[in-house]
Amino acid sequence: MKTIVWGVFAFLTVCWTALVALSVQLTEWLLGAAGSGQATAAASAVGEWPVPAWAALWVDPAWLQALQAMWLDLVQWLGQVAPSSDGLMAWITPLLWTGWGLGMLCLLVPAIGLHWLVGRLNKPAALRSVPAQGRA
């Protein structure tokens, strides 16, 4: 049973670590795209797309065009006011890995508790009831 507890802990650890590492890489890529102007160019291209005919059946095309214009304005504004990606990543990366450490602590504490509980429940009933001083 202890093997199962630590196996689940190892699986969750791998998943959690992969998620944080992916988040760091994705954040670095997004900040690089915003800083280089690629995000603004992509948003401009998307903002020029016509509203599909099938979407007009469920949503007002004028509302979708207003939404496209709003997102385009937001991305252009972020491209102008966002600091350099290097400076921003210098504090975002340690922040993400600090969150990883806190998440690992939240995984480790229950794993240790379950390990102790499984060890306690697997003892014979006679050993569980005898105080530690009474054993010789």
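Rings of Phe, Tyr and Trp (its six-membered ring) count as a pair if their centres lie within 6.5 Å; planes under 30 degrees apart are stacked, those over 60 are edge-to-face, and the rest are tilted. By this criterion, the whole structure holds three aromatic pairs. In one of them, the rings of tryptophan 54 and tryptophan 58 have centres 6.3 Å apart and planes at 65°, so the pair is edge-to-face. Tryptophan 54 is exposed at 58% relative accessibility. Tryptophan 58 is also exposed, with a relative accessible area of 67%. Here, exposed means over 50% relative accessible area, buried means under 20%, and partly exposed lies in between (1.4 Å probe, protein chains only).

The rings of tryptophan 97 and tryptophan 100 also form a pair, with centres 5.8 Å apart. Their planes stand at 70°, so this pair is edge-to-face. Both residues lie in helix H4 (residues 85–121), three residues apart, about one turn of the helix. Tryptophan 97 is partly exposed at 31% relative accessibility. Tryptophan 100 is partly exposed as well, at 27%.

The model is predicted: local features need pLDDT of at least 70, side-chain atom pairs count only at pLDDT 80 or more, and totals for chains, interfaces and linings use all residues. Residues are numbered from 1 along each chain as its sequence is written, and side-chain values use heavy atoms, with hydrogens and water left out.

The protein chain has five helices and zero strands. Its pattern along the sequence is α-α-α-α-α. Helices (H or I, at least four residues) and strands (E, at least two) are DSSP runs, numbered from the N terminus. Of the 136 residues in the protein chain, 13% are buried. Contacts (heavy atoms within 4.5 Å) were also examined. Among those between residues at least 6 apart in sequence, 83% join residues at least 24 apart.

The protein chain exposes about 9,900 Å², of which carbon and sulfur atoms supply 73%. Accessible areas come from the Shrake-Rupley method with a 1.4 Å probe; for residues, only the protein chains shown count as cover. A nonpolar surface patch is formed by Met70, Trp71, Leu74, Trp77, Leu78 and Val81, with about 610 Å² of accessible area together. A salt bridge places a side-chain nitrogen of Lys or Arg within 4 Å of a carboxyl oxygen of Asp or Glu. Tryptophan 77 lies in helix H3 (residues 61–81) and is partly exposed at 47%.

Zero disulfides (cysteine sulfur atoms within 2.5 Å) were found in the whole structure. Cysteine 15 is partly exposed at 36% relative accessibility, and cysteine 106 is exposed at 57%.

Conventions:
Patch = residues over 30% accessible without salt bridge, like charges linked within 9 Å, V, L, I, M, F, W, Y side chains within 5 Å.
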